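Here are my notes on the model you sent over. Have it open while you read, and go through the points in order.

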Amino acid sequence: MKSFYHYLMKFRDPKPKDSISEFANHAYKDHSFPKGLSTYTELSTYLELNGDYLTSMTVFDQVWELYIEEKNYNS
């Protein structure tokens with residue numbers, strides 16, 4: 001299964017239409033984003049300390065749920 005970062009990248013959009021697309025665009029530009037991590041705790045800690053582009057951690061939680069659903073569906 002791909003990392004959370006690679007999953008998130010499928011939501012990138014040149015004209016973001018929602019907060020998830022905005023999150024994906026900002027994460028793409030964040031060269032320090034932990035691209036290989038796939039654990040909730042490590043990613044949420046990183047975003048709480050460095051994700052000033054996130055208007056709310058709820059956006060991360062929403063994408064995380066989608067990521068886990070797809071991960072479980074494909075396994």
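At what angle do the axes of α2 and α4 cross, and within what distance do they come? Before the answer, some housekeeping. This is a predicted model, so to speak of local features a pLDDT of at least 70 is needed, side-chain atom pairs count only at pLDDT 80 or more, and totals for chains, interfaces and linings use all residues. Residues are numbered from 1 along each chain as its sequence is written, and side-chain values use heavy atoms, with hydrogens and water left out.

1. The crossing. The axes of α2 and α4 come within 10 Å and cross at roughly 90 degrees. Helices here are DSSP runs (H or I, at least four residues), numbered from the N terminus. Axes are lines fitted to C-alpha atoms, for helices over the stretch in contact, with angles running from 0 to 180 degrees between N-to-C directions. The pair is therefore roughly perpendicular, a label that covers 65 to 115 degrees. On the α2 side, Ser19, Ile20 and Phe23 make the contact, and on the α4 side Val59, Phe60, Gln62, Val63 and Leu66 do. Contact means heavy atoms within 4.5 Å.

2. Helix α4 itself. This helix covers residues 57–73, 17 residues in total, and spans 24 Å from first C-alpha to last, close to the 24 Å expected at 1.5 Å a residue. That expectation is 1.5 Å times one less than the number of residues. Its buried residues are Val59, Phe60, Val63, Trp64 and Tyr67. They sit on the same side of α4 because they cover an arc of only 130 degrees around the axis. The arc is taken from the directions from the helix axis to the C-beta atoms. On the other side, Glu69, Asn72 and Tyr73 are exposed. For the cut-offs, buried is under 20% relative accessible area, exposed is over 50%, and partly exposed is in between (1.4 Å probe, protein chains only). The buried residues of α4 pack against α1 (4–8), α2 (19–29) and α3 (40–50).

3. The core. The largest nonpolar core has 20 residues, and those touching the most other members are Phe4, Leu8, Phe23, Phe33, Leu47, Tyr53 and Phe60. Such a core is a set of buried Ala, Val, Leu, Ile, Met, Phe, Trp, Tyr and Cys residues joined through side-chain atoms within 4.5 Å. Two or more residues come from each of α1, α2, α3 and α4, and α4 gives the most, with five. Have a look at Phe23: leaving aside residues up to four places away in sequence, its contacts include Phe4, Leu8, Tyr53 and Val63.

4. Helix α3. Leu43, Ser44, Tyr46 and Leu47 are its buried residues. They fall within an arc of 160 degrees seen down the axis, so they line one face of α3. Thr41, Glu48 and Leu49 are exposed on the face turned away from that buried side. Among the elements covering the buried residues are α1, α2 and α4.

5. Leu43, in helix α3, is buried with a relative accessible area of 0%. Not counting residues up to four places away in sequence, Leu43 touches Phe4, Phe33, Pro34, Leu37, Ser38, Phe60 and Trp64. Met57, in helix α4, is partly exposed at 23%.

How values were computed: Parallel < 35°, antiparallel > 145°, perpendicular 65-115°, else oblique.
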